[in-house]
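User: I want to understand where the labels on a model like this one come from. Please take me through them, and show me the rule behind each one.

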Amino acid sequence: MGQTLSVRQLEAWYGSNKTLKGINMEVASNHVTAIIGPSGCGKSTFVRCINRMHETMPGTKVKGEIVLDGESIYDQDPVALRKMVGMVFQKPNPFPSMSIYENVVAGVRLNGMRNKQNLQGIAEKSLRMAALWDEVKDRLNYSGMSLSGGQQQRLCIARALAVEPSVLLMDEPASALDPIATTHIEELVRQLKEDYTILIVTHNMQQAARIADSTAFFLNGELVEHGATSEIFTNPNDKRTEDYITGRFG
Amino acid sequence: MRQTLNEGQLFLIQLLKDMGNEVERILQGCMKSLISLDRKQAGFWIAEDQKVNDFERQVDDECVRLIATQQPVAKDLRMIISAMKISTDLERMGDLAIDIAKIVQRIEGPLLKQLIDIPLMAEKALGMMRQGLEAYANEDMDLAHDLAVLDDQVDHLYKKVVRDLLVIMTDKPEVLDQGMYLAFVGRYLERFADHATNIGENVIYISTAGRQDLNK
């Protein structure tokens with residue numbers, strides 16, 4: 001099951017540049033939450049704070065609190081946290097020297113699992129959840145790089161799912177894909193919310209409108225508005241949200 | 001992309017304005033044919049209704065094109081959806097004008113009285129249509145709300161027309177048919193004004209995303 005996220009007064013910096021300015025936001029479990037906003041508004045920084053990737057970069061700083069299922073993420077070991085909070089990036093990034101199978105179980109192996117039968121079970125389950133199993137079951141030993149872009153992205157999703165996270169962060173997961181592969185990913189996201197809490201950063205307004213239950217609009221490091229997607233895209237409360245979604249800026 | 005959407009929206013406003021002008025031309029023609037009981041002229045106006053129908057299709061096509069290619073949301077989407085609904089109202093208003101022309105073809109003259117309130121109703125109803133379209137073009141909520149007041153005036157005139165006709169029909173049963181036909185004309189003009197209030201309701205919907213009944 002997915003878990004709820006509570007973000008309180010979150011601030012983040014790159015050097016002296018403050019990119020998040022006191023974000024307060026509740027992310028519902030088993031929902032898809034879309035993060036939208038113009039380039040540089042802090043949406044990627046926001047999701048990178050949730051799995052504590054932001055603080056790994058030199059010169060960065062984070063302040064505030066993020067509570068995952070009742071426990072502050074800053075009280076947890078970052079590696080353990082990242083087992084609970086998986087991430088999928090804009091560009092598919094399978095490990096180039098690994099086979100499809102090895103890619104999927106890489107994270108689980110790193111966590112110490114060695115039992116071959118268990119690993120095979122996890123690989124099949126993860127690939128099925130990522131809607132890729134039927135396409136690759138006969139060539140699991142092929143290189144991950146042999147797959148199409150859309151398949152590679154689903155492979156990365158399978159790899160993220162293999163460690164059984166409760167939250168899945170997706171940073172523009174379909175922006176490098178063609179329309180058919182994009183449809184696959186969107187359908188997959190819709191299905192995955194049954195088991196996961198999903199945060200998806202997207203520049204594609206229509207994609208957010210299609211797949212997200214709720215949408216949050218970020219601007220200049222601030223959360224302008226967060227509400228039901230049906231409301232945000234039909235009658236937003238804030239004029240800045242309306243101006244952004246109708247293409248008047250951004 | 002925003003520029004294309006803006007241009008499309010301006011084109012829709014112009015199309016609806018042109019469509020309204022066409023409806024106005026037809027209703028005025030139908031009213032003239034009623035006052036002069038000119039059946040031939042009435043036939044001409046009945047044929048002219050096709051132009052209004054063509055406008056409705058053109059508005060629908062433009063709305064579909066904008067939705068498909070520009071993916072409008074929020075106020076932009078409401079503005080485009082409202083254009084489709086307004087064109088349907090205008091098309092119905094054109095039909096109501098034609099219904100008057102059809103009555104002209106049925107009335108056996110001469111007119112039982114000089115028509116005063118019925119032309120006044122037509123004038124007020126047309127004014128409401130123009131005001132509704134202006135409110136749409138400029139997203140003017142005041143003009144939209146004011147349509148409710150004007151609609152009450154048209155309703156009041158309609159009641160007066162029916163009352164006056166009843167008195168005449170009671171006195172002269174031989175004009176019963178014509179009296180009924182003229183009451184229908186009053187009814188058509190009252191409905192015409194109701195459609196104009198629908199245009200105002202769409203303007204309120206565009207601005208607020210809320211609904212308000214201007215025709216109570």
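Analyst: Let's start with one word: a residue is buried if 20 or more other C-beta atoms lie within 10 Å of its own, exposed if 12 or fewer, and partly exposed in between, with C-beta atoms placed from the backbone. Helices (H or I, at least four residues) and strands (E, at least two) are DSSP runs, numbered from the N terminus. This is a predicted model: local features need pLDDT of at least 70, side-chain atom pairs count only at pLDDT 80 or more, and totals for chains, interfaces and linings use all residues. Residues are numbered from 1 along each chain as its sequence is written, while chains are lettered from A and ligands numbered from 1 in the order in which they are written.

User: Which residues of α4(B) are buried?

Analyst: They are I118(B), M121(B), A122(B), A125(B), L126(B), M128(B), M129(B), G132(B), L133(B), A135(B) and Y136(B). Each of these passes the neighbour cut-off, so each is called buried. They pack against α1 (2-35), α3 (74-106), α5 (141-171) and α6 (176-208) of chain B.

User: How do you know how covered α6(A) is?

Analyst: Count its buried residues: 13 of the 14 qualify, and α6(A) is mostly covered. Its reach is 20 Å, close to the 20 Å expected for it. Just after α6(A) comes E164(A), whose phi is positive, about 55°.

User: How do you know which strands in chain A sit side by side?

Analyst: Two strands pair if DSSP finds at least two bridges between them. One open sheet has six strands in the order β6-β7-β8-β3-β9-β10 (chain A), with mixed pairing. β6 (85-88) and β10 (222-228) of chain A each have a single partner strand, so they stand at the edges and one side of each lacks a neighbour in the sheet. On average, neighbouring strands here are turned by 20° against each other, direction ignored. As for β6(A) and β7 (167-171) of chain A, they run parallel and are joined by four bridges, which means they meet the pairing rule. Among the partners, V85(A) bridges to V167(A) and V88(A) to M170(A).

User: What packs on that sheet?

Analyst: Contact is the test here: two residues touch if their C-beta atoms lie within 7 Å. Helix α1 (43-50) of chain A touches β3 (32-36), β6, β7, β8 (197-201) and β9 (214-219) of that chain, and its direction makes about 150° with that of β8(A). Helix α6 (149-162) of chain A touches β6 and β7, at about 170° to β6(A). Such angles, from 0 to 180 degrees, are taken between N-to-C directions of lines fitted to C-alpha atoms, for helices over the stretch in contact.

User: Which way do the residues of β6(A) point?

Analyst: V85(A) and M87(A) point one way, G86(A) and V88(A) the other, and all are buried. In a regular strand the side chains alternate between the two faces of the sheet.

User: Why is N30(A) called partly exposed?

Analyst: It has 17 C-beta neighbours inside 10 Å, so it falls in the middle class. N30(A) lies in the loop between β2 (17-27) and β3 of chain A, and its phi is near 55°, positive although the residue isn't glycine. In chain B, Q71(B) is partly exposed too, with 15 other C-beta atoms within 10 Å.

Conventions
Expected span 1.5 Å × (residues − 1).
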